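Trainee: I would like to go through this model and ask what stands behind each label.
Mentor: Go ahead, and keep the sequence and structure in view.

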Amino acid sequence: QDIFDFSWGILKADASDALEKFGRIGKKNLFGCIGYVRKMFEDLLVLKEYQLKKKFDEGALKIRLHKNNAALARAFVKKTSEDTIKKCLIIILESYEKIKSGETDAFENALVSVSALLAAGGKP
């Protein structure tokens, strides 16, 4: 449940909140967190495509979006550009590679970068 809450909390673009929630999960679940966040941003890209076609509900069914996240996802894809969602996904994917290369704080740095990007409306 913590990983689930943490992952969807990232969309609020509050780096300190995201880092605090990640601190409760701990490093032992790092790859689970990265995997869930990666999948979440991939799903948001799918939802963005459906939202542009005015078929959000169809997209939500396709990706099996949990009903508790539908309102947050709908609001997020409505206000967030496809390019910004892709940038966030790239940051998360890069953090995985950096961790594999030995950079211990790569995921925390990625959280700060994603939060900043979202808070700035997609502008670095």
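Trainee: Which residues of α2 meet which residues of α7?
Mentor: In this predicted model, Ala15, Ala18, Leu19 and Phe22 of α2 touch Phe107, Glu108, Leu111, Val112 and Ser115 of α7. The residues of this contact divide into seven nonpolar, one polar and one charged.

Trainee: Why is α2 called roughly antiparallel to α7?
Mentor: The axes of α2 (residues 15-25) and α7 (residues 106-119) cross at roughly 150 degrees. Angles over 145 degrees count as roughly antiparallel, so α2 is roughly antiparallel to α7. The two axes come within 9 Å, and the crossing is right-handed.

Trainee: Why give both an angle and a distance?
Mentor: Because two packed helices are described by the angle between their axes and the distance between the axes.

Trainee: How do you know that α3 and α6 are roughly antiparallel?
Mentor: By the cut-off of 145 degrees again. The axes of α3 (residues 30-52) and α6 (residues 82-100) cross at roughly 160 degrees, and α3 and α6 are therefore roughly antiparallel to each other. These axes come within 10 Å. The crossing of α3 and α6 is left-handed.

Trainee: Which residues form the contact of α3 with α6?
Mentor: On the α3 side they include Phe31, Ile34, Phe41 and Leu52. On the α6 side, Ile85, Leu89, Ile92 and Tyr96 are among them. The residues of this contact divide into 15 nonpolar, one polar and five charged.

Trainee: How many aromatic pairs does the structure hold?
Mentor: One. Phe31 in α3 and Tyr96 in α6 form the pair, and they are 65 residues apart, so the pair links distant parts of the chain.

Trainee: What makes Phe31 and Tyr96 a pair, and why is the pair called edge-to-face?
Mentor: Ring centres must lie within 6.5 Å, and the centres of these two rings are 5.6 Å apart. Planes over 60 degrees apart count as edge-to-face; the planes here stand at 80 degrees, so the pair is edge-to-face.

Trainee: Why are Phe31 and Tyr96 called partly exposed?
Mentor: Buried means under 20% relative accessible area and exposed means over 50%, with partly exposed in between. Phe31 has 46%, so Phe31 is partly exposed. Tyr96 has 33%, so Tyr96 is partly exposed as well.

Trainee: Why is Leu52 called exposed?
Mentor: Leu52 is in helix α3 and has a relative accessible area of 54%. The limit is 50%, so Leu52 is exposed. The C-alpha atoms of Leu52 and Leu11 are separated by 19 Å, and these residues are 41 apart along the chain.

Trainee: What makes Lys54 worth a remark?
Mentor: Lys54 has a positive phi of about 60 degrees although it is not a glycine. Lys54 lies in the loop between α3 and α4. The relative accessibility of Lys54 is 77%, so Lys54 counts as exposed.

Trainee: Where does Arg64 lie, and how do you know that Arg64 is exposed?
Mentor: Arg64 is in the loop between α4 and α5. With 76% relative accessibility, Arg64 counts as exposed, because the limit is 50%. Arg64 has a positive phi of about 60 degrees and is not a glycine.

Terms used: Residues are numbered from 1 along each chain as its sequence is written. This is a predicted model: local features need pLDDT of at least 70, side-chain atom pairs count only at pLDDT 80 or more; totals for chains, interfaces and linings use all residues. Side-chain values use heavy atoms; hydrogens and water are left out. Axes are lines fitted to C-alpha atoms, for helices over the stretch in contact, and angles run from 0 to 180 degrees between N-to-C directions. Helices (H or I, at least four residues) and strands (E, at least two) are DSSP runs, numbered from the N terminus. Angles under 35 degrees count as roughly parallel, over 145 as roughly antiparallel, 65 to 115 as roughly perpendicular and the rest as oblique. A crossing is left-handed if the near helix is turned anticlockwise from the far one by less than a right angle, and right-handed if clockwise. Contact means heavy atoms within 4.5 Å. Ala, Val, Leu, Ile, Met, Phe, Trp, Tyr, Cys and Pro count as nonpolar, Asp, Glu, Lys and Arg as charged, and the others, Gly among them, as polar. Rings of Phe, Tyr and Trp (its six-membered ring) pair if their centres lie within 6.5 Å; planes under 30 degrees apart count as stacked, over 60 as edge-to-face and the rest as tilted. Buried means under 20% relative accessible area, exposed over 50%, partly exposed in between (1.4 Å probe, protein chains only).
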